[in-house]
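Colleague: I have a model open and some time to go through it. Can you walk me through what was computed?

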Amino acid sequence: MAPMSHAPDAPADVHTVELQPQGWRFDAPADQTLLLAALDHGLRLPHSCRNGTCRACIARVISGRIEHRIEWPGLSREEKDEGWILPCVACARSDVVLDQPQAVNLFDVPPPPGASSKGA
């Protein structure tokens with residue numbers, strides 16, 4: 001019998017995700033949602049429920065392929081046809097470019113209003 005081409009515990013495929021308009025990039029394992037992969041890389045996408053119902057994370061795919069973990073997330077057929085996805089329940093199936101202007105780089109956050117960067 002021929003050996004299997006990959007072991008069940010082999011590392012998952014990893015795809016590159018780019019957030020527009022910022023141009024930030026991160027790696028997204030095929031078995032991890034885009035939301036969690038972004039958070040793992042210090043990039044916060046809008047989110048709340050993490051189960052595809054609240055729509056807080058809605059983003060549009062500019063290019064690439066994703067697959068939702070649930071059969072019918074909180075999107076209309078028209079929204080899906082227009083490329084809208086819910087990153088909290090979407091996994092990359094290729095390199096992806098997302099339009100998500102509300103993303104925040106957690107490592108590049110400006111000081112809160114009223115905070116002074118100058119010494120006293």
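Colleague: How many salt bridges does a search of the whole structure find?

Modeller: The search finds three. A salt bridge here is a side-chain nitrogen of Lys or Arg within 4 Å of a carboxyl oxygen of Asp or Glu. This is a predicted model, where local features need pLDDT of at least 70 and side-chain atom pairs count only at pLDDT 80 or more, while totals for chains, interfaces and linings use all residues. Residues are numbered from 1 along each chain as its sequence is written, and side-chain values use heavy atoms, with hydrogens and water left out.

Colleague: Why would such side chains pair at all?

Modeller: Side chains of opposite charge can pair when their charged atoms come close.

Colleague: OK, which residue does Arg25 bridge to?

Modeller: Arg25 pairs with Glu18, and their closest N and O atoms are 2.9 Å apart.

Colleague: Is Arg25 buried or exposed?

Modeller: Arg25 counts as exposed because its relative accessibility is 57%. Glu18 is buried, at 15%. The cut-offs are under 20% relative accessible area for buried, over 50% for exposed, and partly exposed in between, with a 1.4 Å probe and protein chains only.

Colleague: And what does Arg55 meet?

Modeller: Its side chain meets that of Glu79 in a salt bridge, 2.7 Å from N to O. This pair links distant parts of the chain, 24 residues apart: Arg55 is in the loop between strand S3 (43-44) and strand S4 (59-63), and Glu79 is in helix H2 (residues 77-81). Helices (H or I, at least four residues) and strands (E, at least two) are DSSP runs, numbered from the N terminus. Arg55 is partly exposed at 33%, whereas Glu79 is buried at 18%.

Colleague: Where does Arg93 come in?

Modeller: Arg93 forms a salt bridge with Glu67, at 3.4 Å from N to O. Arg93 lies in the loop between strand S7 (90-92) and S8, and Glu67 in strand S5 (residues 66-68), 26 residues apart. Arg93 is partly exposed at 26%, and so is Glu67 at 44%.

Colleague: Different topic. Where is Ala103?

Modeller: Ala103 sits in the loop between strand S8 (96-99) and strand S9 (104-105). With a relative accessibility of 8%, Ala103 counts as buried.

Colleague: What does Ala103 touch?

Modeller: Leaving out residues up to four places away in sequence, Ala103 touches Leu19, Gln22, Trp24, Arg44 and Leu45. Contact means heavy atoms within 4.5 Å.

Colleague: Last one: how many helices and strands does the protein have?

Modeller: The protein has two helices and nine strands.
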